[in-house]
Amino acid sequence: MGDIDQVLARAYARRGPSEPSGSPPPPHFAVEAPSSSVGASTFLEWPPTVRALEREHGHRFDRLADALLDARDRQQLKVILFTSCHRAEGRTTLVLTLARALARRPGRTLLVDADLTGPMLARSLGLRPRLGLDDVIEEGVSIAEAVMDAPDDHLSVLPLRRPVARPREFLNATAWATTFARLRRDNDLILVDGGPLFAGLSSPMPPRSTDAAILVHNRSLTGDRAILRAREVLETAGIPLLGLAETFV
Amino acid sequence: MTQTLETANSLTLSRPRAFEALPVLISIPNLAITSRGVRPKVRRRRLRREVRLAGYALLAILPVSMALVALAGDRWSPRAPGLTVERRGGLVESSTNRPPTCSISLEPLEPVIVNVHRELEAPVILPGYLLPADTSEESSDGGH
């Protein structure tokens, strides 16, 4: 799956956003202009918890941000999935705080909400998106219309407006791979806020087209066996696990 | 924490074995525990004060309400004119201090005549059917 993503990303990069195309492409494969020129600027309302974490433990997030950038440069890890075994393990808060640390560094950072059963990213940032990733995948809306740029924060957000009715079909759609290939082309680092792996009765489905994963772990909620199981699930999906992010320590 | 920072400085993409320990990239303390400065204490004090006030209010209201219920219960109870308990021997016992809410009257027992009901019942005779005799229908050996 990673090979397909790489090939798609290279193809889009070669084609370029401004290159005129001969025939009008179908909606899912339309090559838009970079989203920064299309999307209107957005004001992000950061949660108080994120600001408190940044104030008290900002150096830890700075170090992780530097490590992620280093991994991107050395190992081409551009799309990082943040997942957890269960809900309420602090995943979204960690992603938001880390995104602020990355936003202070050069490069274009994108936050993607891929919590298909309970999207929280837009709500956490005080956003009410008109379009989102669900519209891009299901309705063929262009990415540029769905991505929300926050120039003041030096960040971009691709929200998910509502929970997805059929997550498996959503992830297996061709539009998912092509969307992430385009996002990979247009951004320097992508943080994907994925949902919990073991939510509900269905078998876990980690989002495809991601280069590596970080498992957010709250010791009081998740035991060692769940972590091992999560590791197996991710490796089966072809997503190497970089390590743990322990919260509420 | 040293291990955390060292690991976070160099992320290596490898395929670890299943039971190998995973590196901890970042460890974030619980804000509620670490920052026990001003805000959580204030919240707890508020909560305690609210709980205390609610308790005082309950303690003040409960005895008054219980007294009201007791007094009003006496006043509202139905007071029948002939509050007597009749016994079988005709002994009448009246209680003026605590009148009962109901009176019980036991009539003297009389011998019950069972045959009266039997005589009142009309026999049902269906045409064309031969009714068995009132005596025992069959012999002890079943007719053999």
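Me: How many residues of S6(A) are buried?

Reply: In this predicted model, 7 of the 7 residues of S6(A) are buried, so the strand is mostly covered. In a regular strand the side chains alternate between the two faces of the sheet. Here Ala212(A), Ile214(A), Val216(A) and Asn218(A) point one way from S6(A), while Ala213(A), Leu215(A) and His217(A) point the other way, and all are buried.

Me: Which strands does S6(A) pair with, and in what sense?

Reply: Strands of a sheet pair through backbone hydrogen bonds, either parallel or antiparallel. S1(A) and S6(A) run parallel and are joined by 5 bridges, with Phe82(A) standing opposite Ile214(A). S6(A) and S7(A) also run parallel, joined by 6 bridges. Leu215(A) has Leu244(A) of S7(A) as its bridge partner.

Me: What is the strand order of the sheet?

Reply: The order is S3(A)-S4(A)-S2(A)-S5(A)-S1(A)-S6(A)-S7(A)-S1(B), an open sheet of 8 strands with mixed pairing. Strand S3 (148-150) of chain A and strand S1 (24-27) of chain B stand at the edges; each has a single partner strand, so one side of each is left without a neighbour in the sheet. From one strand to the next, the twist averages 20°.

Me: How many bridges join S7(A) to S1(B)?

Reply: Strand S7 (residues 241-247) of chain A is joined to S1(B) by 3 bridges, and the two run parallel. Leu244(A) stands opposite Val24(B). Leu244(A) is also the bridge partner of Leu215(A).

Me: At the other end of the order, in what sense do S3(A) and S4(A) pair, parallel or antiparallel?

Reply: S3(A) and S4(A) pair in the antiparallel sense over 3 bridges, and Met148(A) stands opposite Val157(A). The two strands form a hairpin with 4 residues between them. S4(A) also pairs with S2(A), in the parallel sense and over 3 bridges; there Val157(A) is the bridge partner of Leu111(A). Both faces of S4(A) are covered, with Leu155(A) and Val157(A) buried on one side and Ser156(A) and Leu158(A) buried on the other.

Me: Which strands does helix H4 of chain A lie across?

Reply: Helix H4 (residues 91-103) of chain A lies across strand S1 (79-84), strand S2 (109-114), strand S4 (155-158), strand S5 (189-196), strand S6 (212-218) and S7 of chain A, and runs at about 175° to S5(A). Helix H10 (residues 224-236) of chain A packs on the sheet as well, touching S6 and S7 of chain A, and its direction makes about 165° with that of S6(A).

Me: At what angle do H3(A) and H4(A) pack?

Reply: Two packed helices are described by the angle between their axes and the distance between the axes. Helix H3 (residues 48-75) of chain A packs with H4(A) at an angle of about 65°, and the axes are 8 Å apart. The two helices are therefore roughly perpendicular to each other. H3(A) passes H4(A) in a right-handed crossing. Residues making the contact include Leu53(A), Phe61(A) and Leu64(A) of H3(A) and Leu96(A), Leu98(A) and Leu102(A) of H4(A). By class, the contact has 9 nonpolar, 3 polar and 3 charged residues.

Me: What percentage of the residues in each chain is buried?

Reply: In chain A, 48% of the 249 residues are buried; in chain B, 5% of the 144 residues are. Contacts can be read by sequence separation. Among contacts in chain A between residues at least 6 apart in sequence, 82% join residues at least 24 apart. For chain B, residues 24 or more positions apart account for 6% of the contacts with a separation of 6 or more.

Note on methods. Residues are numbered from 1 along each chain as its sequence is written. Chains are lettered from A and ligands numbered from 1 in the order in which they are written. This is a predicted model: local features need pLDDT of at least 70, side-chain atom pairs count only at pLDDT 80 or more; totals for chains, interfaces and linings use all residues. A residue is buried if 20 or more other C-beta atoms lie within 10 Å of its own, exposed if 12 or fewer, and partly exposed in between; C-beta atoms are placed from the backbone. Two residues are in contact if their C-beta atoms, placed from the backbone, lie within 7 Å. Two strands pair if DSSP finds at least two bridges between them. Axes are lines fitted to C-alpha atoms, for helices over the stretch in contact, and angles run from 0 to 180 degrees between N-to-C directions. Angles under 35 degrees count as roughly parallel, over 145 as roughly antiparallel, 65 to 115 as roughly perpendicular and the rest as oblique. A crossing is left-handed if the near helix is turned anticlockwise from the far one by less than a right angle, and right-handed if clockwise. Ala, Val, Leu, Ile, Met, Phe, Trp, Tyr, Cys and Pro count as nonpolar, Asp, Glu, Lys and Arg as charged, and the others, Gly among them, as polar.
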